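Welcome! Here is a short briefing to read alongside the structure. Take a moment to look it over, then follow the topics below.

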Amino acid sequence: MKVKFKLNGELVEVDVPPNRTLLDVLRRDLGIKSVKRGCERGECGACTVLLNGKPVTSCLILIPQVEDAEVITLEYLHKNGKLHPIQEAFIEAGAVQCGFCTPGFILTAYALLMKNPEPTREEVKKALSGNICRCTGYVKIIDAVLLAAKKLKELGR
Amino acid sequence: MVIYYLIPKVNYLRPKTKEECLKLINELRDFKVLAGGTDLVVDLKIGRFRVKNLVDISRLPELRFIKNEERQLRIGACVTLQELLESKVVKEKLPVLYEAIDSMASWQIRNLATIGGNLCNASPAADTAPPLYVLNAKLVLESVNGARVVNVEEFFLGPRKTALKPNEILTEIIIPYPQGKAGMKFIKLGRRTSFTLSVVAVAALVNVEDRVFKDVRIALNSVAPTPVRARSVESRLVGKEVSLSNIYEASKYVLNDIKPISDVRASAEYRREMSIVLTKDAIIGALNSIGITPS
């Protein structure tokens, strides 16, 4: 089945059976390795991508469902070899340990900050409740998102 | 070696209009309707069932609307939970539904999951059900033969069983706005605060006149094969004075309305105890929401 969609700003077309998930096609057919295969049941958030600007778990989406849609992954954020301010904030705040959950967290944080540039700590916690980290205690991840909000504000973005 | 889930081979069909969809499912055998997919895709992965065809209705324009009418809110079955959470009219006029959706899943899941899917999956733990029960919501079921309207309570027949005929889909949820100054509250007890399934959840709606309960509606989930109304509690409060002792006494009768089981989330005994506590708390919360503090 042929499916066309926009991936990180570029039109792509894949020819795959409809029982494949977006997660699976991104990783195995399109080489997008930032999208992690975690629980595969929508519970861990490691496979988070932005679908038409909204965070979703790509493990629960069948590939034909993204026909004509816009998909954004972490690869979109660090353009021209330069890290996005949210990525910098994650490093500075020490919010990365093993790193497996990090792409999902950063994409959810990105979607949050686009919608709500100055979130409260409580709002950050709530927005990130669909992303699970097994290394940290979340404190530094929340710190990182709040730091990213500050950075983006200073940059006027 | 394959170390991840594979979905068995399946045909994917995406009708362009509601009419086309109804015609298609009238002819088709061995299919499942795909809306948000947050339950169905997992069920396909774990092999809960196998189907030959998936009919994707998530993009049908006729199923994606929120209409604020004078006396009722009409919601298309494929409106996502997040869209409802961000709807001003839901928050202002139907706070009990807002609170329930706010307690559900995660942002990622709410962006996919639909209100129609939450109902049609017919989990005893469906969190949109208790608020829709106390709001007396009606569901529109459509097939090529036309539309019929059922009360949300008649829709749930058992775990994963609904009143839908094989050639029908749920197209719309109609919620009459509560009359007068109605107090509402939804309380969910899960194993943790967020992104969790209910151990017990309770929705309450109250109307009070001259310190007397005029109308009381209570519904619970996760304590019976379907979500249930707690009519034993309701009937013991209507006409009674608003007092803590009346609320405490009536809440105990919730045991007549529920039939909980023990499962991975909680024991039946715990659910019984918590049903009493949460019923009481939901009634008090509903009163508080209209500025009444019972003593």
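Chain A splits into domain 1 (2-75) and domain 2 (79-154), with bounds that come from an automatic or database domain assignment. This is a predicted model, in which local features need pLDDT of at least 70 and side-chain atom pairs count only at pLDDT 80 or more, while totals for chains, interfaces and linings use all residues. Residues are numbered from 1 along each chain as its sequence is written, and chains are lettered from A and ligands numbered from 1 in the order in which they are written.

**Between the two domains of chain A**

- Taken over C-alpha atoms, the centres of domain 1 and domain 2 of chain A are 21 Å apart.
- Their contact involves 14 residues from domain 1 of chain A and 11 residues from domain 2 of chain A; two residues are in contact if their C-beta atoms, placed from the backbone, lie within 7 Å.
- On the domain 1 side, β3 (48-51) and β4 of chain A each supply at least two residues; helices (H or I, at least four residues) and strands (E, at least two) are DSSP runs, numbered from the N terminus.
- The largest share of that side, 3 residues, comes from β3(A).

**Between chain A and chain B**

- Here 24 residues from chain A meet 23 residues from chain B.
- On the chain A side, β4 (54-57) and α4 (121-127) are the elements that give two or more residues.
- β4(A) gives the most to this side, with 4 residues.
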